[in-house]
Amino acid sequence: AGTEELKGNPFLFEDWNTKGVVYSEGKYFEVDKLNYNIHKEEIGYLKEKESVFVYETKYIDSIKIDDTRLHKMDGKFYEVLETGSKASLFKKYATRIAEGQVNVTDQTKGPSRLVIMDDYYVLSGGKLMKFKPSKSSLEDVFGDQAAAMKKIMKSEKLSYKKQEDLISIFEAYNNL
């Protein structure tokens, strides 16, 4: 039963029509049709229909697919949302498998589905921490600059619930 078919797309980009750059050991090369397999944590490109060439992850430092940058830390890839001297904001994608529903009438199980989830991470003071956006978690990150940041968020009407705003919040914090 290990080869049970999974429904759902394990890739970050559903459309392979991407422009990519792979950064490896101080060099970089441009690769079309580059993609990131979230389920397997692999970087690969579409060589021909249905055939994906997978890179040896240990040689990759980071990649760029269209406007998305993925940076490798601790052997895993994180999307770079905002980097700065005080705190950098990343997003980590993961998959979980949602079990298929059992049909009550004939007891057959439908296909399981791959669900893509993401978590934010903050890199601050050399430590990478999982980060659930909330008022209190932001205050933990901002420390003694929390009051100043509260003012900025209020005047700029920035909500930590929106990714775009969250990026702006970290940008403002790094520029304080």
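**View 1. Helix H1 (135-142) and helix H2 (146-155) each supply at least two residues of the lining of the second largest pocket.** Helices here are DSSP runs of H or I with at least four residues, strands are runs of E with at least two, and both are numbered from the N terminus. This is a predicted model, where local features need pLDDT of at least 70 and side-chain atom pairs count only at pLDDT 80 or more, while totals for chains, interfaces and linings use all residues. Residues are numbered from 1 along each chain as its sequence is written, and side-chain values use heavy atoms, with hydrogens and water left out. H2 gives the most to this lining, with five residues. The pocket has a volume of about 180 Å³, the space filled by probe spheres set on grid points joined across faces, edges and corners. A pocket is an open set of points on a 1 Å grid over the protein atoms alone, where a 1.4 Å probe fits, with protein on both sides within 12 Å along at least five of seven lines; lining residues have an atom within 4 Å of a point. Of the 13 residues lining this one, Lys135, Lys150, Met153, Leu158 and Tyr160 lie nearest its centre. By class, its lining has seven nonpolar, one polar and five charged residues. Nonpolar covers Ala, Val, Leu, Ile, Met, Phe, Trp, Tyr, Cys and Pro, charged covers Asp, Glu, Lys and Arg, and the others, Gly among them, are polar.

**View 2. H1 packs against H2 at an angle of about 130°, with the axes 9 Å apart.** Axes are lines fitted to C-alpha atoms over the stretch in contact, and angles run from 0 to 180 degrees between N-to-C directions. The two helices are therefore oblique to each other; angles under 35 degrees are roughly parallel, over 145 roughly antiparallel, 65 to 115 roughly perpendicular and the rest oblique. Their crossing is right-handed, meaning the near helix is turned clockwise from the far one by less than a right angle. On the H1 side, look for Leu138, Glu139 and Phe142; from H2 come Ala146, Met149, Lys150 and Met153. Contact means heavy atoms within 4.5 Å. Sorted by class, this H1 to H2 contact has five nonpolar, no polar and two charged residues.

**View 3. H2 also packs on helix H3 (residues 163-175), at an angle of about 135° and with their axes 10 Å apart.** That makes H2 oblique to H3, and their crossing is right-handed. Met149, Ile152 and Met153 in H2 meet Ile169, Ala172 and Tyr173 in H3. This contact has six nonpolar residues, with no polar and no charged ones.

**View 4. H1 and H3 cross at roughly 25°, and their axes come within 12 Å.** That makes H1 roughly parallel to H3. Here, too, the crossing is right-handed. H1 brings Leu138, Val141 and Phe142 to the contact, and H3 brings Leu166, Ile169, Phe170 and Tyr173. Seven nonpolar residues make up the class count for H1 with H3, with no polar and no charged residues.

**View 5. The largest pocket has a volume of about 220 Å³.** Of the 14 residues that line this pocket, Pro10, Phe11, Asn37, His39 and Lys40 are the closest to its centre. Strands S4 (34-37), S5 (42-48) and S6 (51-54) each supply at least two lining residues. S5 provides the largest share, three residues. By class, the lining comes out as seven nonpolar, five polar and two charged residues.
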